[in-house]
Amino acid sequence: MSSTVASPMSTAASSSSGRGMGKSTSFTPELQSMMFSLGDARRPLHESAILVEDIVHTQLINLLQQAAEVSQLRGARVISAEDLLFLMRKDKKKLRRLLKYMFFRDYKSKIVKGIEEDDLIEDKFSSNNTNKRQKLAQDFLNSIDQTGELLAMFEDDEIDDVKQERMERAERQTRMMDSVQYAEFCESRQLSFSKKASKFRDWLDCSSMEIKPNAVAMEILAYLAYETVAQLVDLALLVKQDMTPKAGDPFSHAISATFIQYHNSTEPHLLGQAAGVKTGLESPENTPPPTPTPPAPAGQQHLGKAPSGALGNGGIGQDSSKSKQRKRKKSAAACGMEAQSDAIQPSHIREAIRRYGHKIGPLSPFTSAYRRNGMTFLAC
């Protein structure tokens with residue numbers, strides 16, 4: 001799908017004001033758990049989750065608008081799965097992934113209804129009600145397919161490289177987890193937008209639409225929302241890995257100028273916190289002055305320096321306690337910065353979006369971070 005959507009990062013006010021009813025409905029806690037299950041840190045940043053939510057919401061709203069236009073062209077009163085399949089017809093890999101999802105939705109329905117697995121394989125492409133999603137997609141793609149490429153995807157068992165990479169990353173992520181962390185990880189992997197259908201519908205403000213999506217279309221939209229989150233995490237992790245300096249890499253200093261611009265302009269509070277921690281703990285200007293010591297008695301002057309432990313406030317015990325407090329503050333600040341550096345930053349997401357929609361050409365270094373007419377779709 002080559003069309004573009006308006007970027008939610010252009011102005012924060014337009015992104016939040018255009019949400020309408022969805023403004024009061026937020027998926028930020030769920031998105032943080034989803035991001036953790038997809039490869040982010042155990043405690044993803046709240047700012048990153050808010051940015052991901054804005055991107056996903058903006059893209060789905062624009063996708064619904066285009067699906068409504070397609071639905072009007074074919075004279076339908078509701079947005080159905082055919083409209084979304086039509087919009088995804090040009091991206092074969094993502095369309096194949098959606099068809100597999102629709103097949104497994106039918107598979108789940110058959111399992112719930114107690115149909116045996118042998119019967120499932122036999123009537124995989126049958127016309128009964130238990131296989132309605134797959135049959136619906138097959139009939140529609142058959143009506144618009146002129147080369148046979150779309151129908152060939154129903155029989156294609158090619159391994160999905162993106163899914164395989166996500167599974168391998170999840171396996172590496174769970175190697176060092178204990179039982180409590182692994183239980184939390186498994187619970188996060190089970191989250192989806194489809195399990196909270198009413199909240200998802202309110203989030204998209206479907207009640208205010210003239211042409212509303214039906215149940216199957218809402219299932220596809222929930223799937224596309226999760227896929228958009230997964231792709232954002234995939235791209236942000238690549239950017240994060242690319243921006244991490246590597247020992248012995250002669251090109252590690254060559255960081256994208258756009259990334260530096262976004263990092264300096266959009267996260268000043270994070271940089272300010274880091275600078276504040278450094279100057280507050282290590283700067284000699286902020287260290288307290290030493291406690292003045294009284295002059296030694298005349299009887300002790302010829303014996304050399306008096307032991308500092310007997311000189312009141314400047315004793316060894318208090319100096320050691322102050323140094324321990326400084327060490328504890330320094331270690332706590334270091335742990336906080338380390339946990340923050342492990343998570344995906346908003347700047348990583350913005351740089352990932354910039355690279356995803358970047359046009360390659362002789363003038364590519366001089367192009368803006370986002371296209372003037374918006375941001376490319378991620379899910380289709």
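Visitor: Which residues of α11 and α12 meet?

Guide: Contact here means heavy atoms within 4.5 Å, and by that criterion F200, R201 and L204 in α11 meet M218, L221, A222 and A225 in α12. The residues of this contact divide into 6 nonpolar, no polar and 1 charged, where Ala, Val, Leu, Ile, Met, Phe, Trp, Tyr, Cys and Pro count as nonpolar, Asp, Glu, Lys and Arg as charged, and the others, Gly among them, as polar. This is a predicted model, in which local features need pLDDT of at least 70 and side-chain atom pairs count only at pLDDT 80 or more, while totals for chains, interfaces and linings use all residues. Residues are numbered from 1 along each chain as its sequence is written, and side-chain values use heavy atoms, with hydrogens and water left out.

Visitor: At what angle do the axes of α11 and α12 cross?

Guide: Axes are lines fitted to C-alpha atoms, for helices over the stretch in contact, and angles run from 0 to 180 degrees between N-to-C directions. The axes of α11 and α12 come within 11 Å and cross at roughly 80°, and the two helices are therefore roughly perpendicular to each other, a label that covers 65 to 115 degrees.

Visitor: How do the axes of α2 and α3 cross?

Guide: The axes of α2 (residues 28-37) and α3 (residues 46-73) come within 9 Å and cross at roughly 105°, which makes α2 roughly perpendicular to α3. T28, L31, Q32 and M35 in α2 meet H46, S48, A49, I50, V52 and E53 in α3, and by class this contact has 5 nonpolar, 4 polar and 1 charged residues.

Visitor: Which residues have the most contacts inside the largest nonpolar core?

Guide: A nonpolar core is a set of buried (under 20% relative accessible area, 1.4 Å probe, protein chains only) Ala, Val, Leu, Ile, Met, Phe, Trp, Tyr and Cys residues joined through side-chain atoms within 4.5 Å. The largest one has 64 residues, and those with the most contacts inside it are L60, L99, F193, F200, L204, L221 and V229. α12 gives the most to this core, with 19 residues. Leaving aside neighbours within four places in sequence, L221 is in contact with L60, L63, L64, L84, F200, L204 and P213.

Visitor: What span should helix α5 have?

Guide: The expected span is 1.5 Å times one less than the number of residues, so the 21 residues of α5 (residues 92-112) should span 30 Å, and the end C-alpha atoms are 30 Å apart, which agrees. Buried residues in α5 include L95, L98, L99, M102 and F103, and just after this helix G114 takes a positive phi of about 80°.

Notes. Helices (H or I, at least four residues) and strands (E, at least two) are DSSP runs, numbered from the N terminus. Angles under 35 degrees count as roughly parallel, over 145 as roughly antiparallel, 65 to 115 as roughly perpendicular and the rest as oblique. Buried means under 20% relative accessible area, exposed over 50%, partly exposed in between (1.4 Å probe, protein chains only).
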